[in-house]
Amino acid sequence: MALSKEQREQFLAEPHVAALSVSAGSERGPLTVPVWYQYSAGGQPWVLTGAGSRKHRLIEAAGYFSMMVERLEPTVRYVTVDGPVSRIEPGTDDHLVEVAKRYLPPEAVETYLEMARREHGESVVIHLRPQHWISSDLGSF
């Protein structure tokens with residue numbers, strides 16, 4: 001059964017790991033990778049990634065990408081959203097902290113931040129303007 005607009009937005013706002021897909025050119029299938037993302041219902045999802053990374057370059061070239069999140073319990077549910085890139089901006093330490101706090105237990109945040117600040121280099125934030133949604137709750141199996 002398809003989810004309502006409110007249900008799909010609420011589900012996407014939960015801290016699931018998304019499968020991000022973007023065209024990798026005519027000779028390959030799409031690049032599909034797991035990503036942490038941020039989203040508030042009614043807003044635009046965004047991802048933080050390395051400046052100049054393959055993901056960044058492909059999204060910038062395509063101008064469009066998709067994300068899919070799912071769960072298996074208590075019911076099988078998924079939401080897919082795709083759309084054009086609305087903007088790409090330099091990533092900040094505030095973005096890094098926001099995403100780390102969304103996904104990690106409180107006791108692991110500072111250790112992760114220390115490592116990321118030391119090893120990840122410059123980043124960009126890529127915002128998606130939701131255009132198409134697919135969602136379903138398949139019930140319990």
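Which side chains meet in a salt bridge with an N to O distance of 3.8 Å? In this predicted model, in which local features need pLDDT of at least 70, side-chain atom pairs count only at pLDDT 80 or more, and totals for chains, interfaces and linings use all residues, the pair is R71 and D137. Side-chain values use heavy atoms, with hydrogens and water left out, and residues are numbered from 1 along each chain as its sequence is written.

A salt bridge is taken here as a side-chain nitrogen of Lys or Arg within 4 Å of a carboxyl oxygen of Asp or Glu, and by this rule the count comes to six. Strands (E, at least two residues) and helices (H or I, at least four) are DSSP runs, numbered from the N terminus. R71 belongs to strand β5 (residues 64-71) and D137 to strand β8 (residues 132-139), so their pairing ties together parts that are 66 residues apart in sequence.

D137 also forms a salt bridge with R77, the closest N and O atoms being 2.8 Å apart; R77 lies in strand β6 (residues 76-90), and this pair links parts of the chain 60 residues apart. Buried denotes a relative accessible area under 20%, exposed over 50%, and partly exposed in between (1.4 Å probe, protein chains only); D137, at 15%, is buried, and R77 is buried at 15%.

A further salt bridge joins R117 to D93, with the closest N and O atoms 2.7 Å apart, and it links helix α4 (residues 106-119), which holds R117, with helix α3 (residues 93-103), which holds D93, across 24 residues. R117 is partly exposed at 42% relative accessibility, and D93 is partly exposed at 39%.
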